[in-house]
Amino acid sequence: MAYDIRFKRIYQDASPADGARVLVDRLWPRGKQKDELALGDWYKEASPSTGLRQCWHRGELTEAAFGHAYRHQLDQAPDCLLPLMRAARQGRLTLLTASKKPDQSHLPILRRALLDALRTEDAADRDESTSPTCYGS
């Protein structure tokens, strides 16, 4: 099954085409009130840890090192992806961030982790037998 997971800045206007809108930043965006965001949920559990985020913003990590560390965090807590996976199964999911460049933030890594988890779950569902084995007498 194909999943439509997009991302954009929280400061961009909401659109009906966004589908489910979920903020996945650890911090609330500056200058924004919840009622003006057309936000479905704020799910900070799937964002990078505070320490990892701070190291990244201070320039202490390369993009590759940040990506590896963040993916490791997600792999160590697979249940943190479940609410986002449920939303992705319902239709388009738009992941929101306050980052000025969403394409260069944690969102591409999160999207890849979500797609990998969804494909793994889908493959497991296909591998399950639809009926018990029938043995002739």
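**Cysteines.** I looked up the sulfur of Cys55 first: the closest cysteine sulfur, in Cys80, is 19 Å away, too far for a bond. I took a disulfide as a pair of cysteine sulfur atoms within 2.5 Å. By that rule I count zero disulfides. Then I checked exposure, with buried meaning under 20% relative accessible area, exposed over 50%, and partly exposed in between (1.4 Å probe, protein chains only). Cys55 is partly exposed at 22%, and Cys80 is buried at 11%.

**Ground rules.** I am reading a predicted model, where local features need pLDDT of at least 70, side-chain atom pairs count only at pLDDT 80 or more, and totals for chains, interfaces and linings use all residues. Residues are numbered from 1 along each chain as its sequence is written, and side-chain values use heavy atoms, with hydrogens and water left out.

**Helix 2.** I took helices (H or I, at least four residues) and strands (E, at least two) as DSSP runs, numbered from the N terminus. Helix 2 covers residues 63-76, 14 residues in all. Its first and last C-alpha lie 20 Å apart, close to the 20 Å expected at 1.5 Å a residue; the expected span is 1.5 Å times one less than the number of residues. Which residues of helix 2 are buried? I found Phe66, Gly67, Tyr70 and Leu74. They sit on the same side of helix 2 because they cover an arc of only 95 degrees around the axis, taken from the directions from the helix axis to the C-beta atoms. The face turned away from that buried side carries the exposed Ala64, His68 and Gln76.

**Nonpolar cores.** I defined a core as a set of buried Ala, Val, Leu, Ile, Met, Phe, Trp, Tyr and Cys residues joined through side-chain atoms within 4.5 Å. The largest has 26 residues, and Leu84, Leu93, Leu95, Leu110 and Leu114 touch the most other members. Strand 1 (5-9), helix 2, helix 3 (82-90), strand 4 (93-97) and helix 4 (107-127) each supply at least two residues of this core. Helix 4 gives the most, with seven. I also noted a second, separate core of five residues, including Ile10, Leu37, Leu39 and Leu96.

**Strands.** I counted two strands as paired if DSSP finds at least two bridges between them. Strand 2 (residues 20-23) pairs with strand 4 in the parallel sense over four bridges. There, Ala20 stands opposite Leu93. Strand 2 also pairs with strand 3 (residues 41-42), again parallel, over two bridges. Leu23 has Trp42 of strand 3 as its bridge partner.
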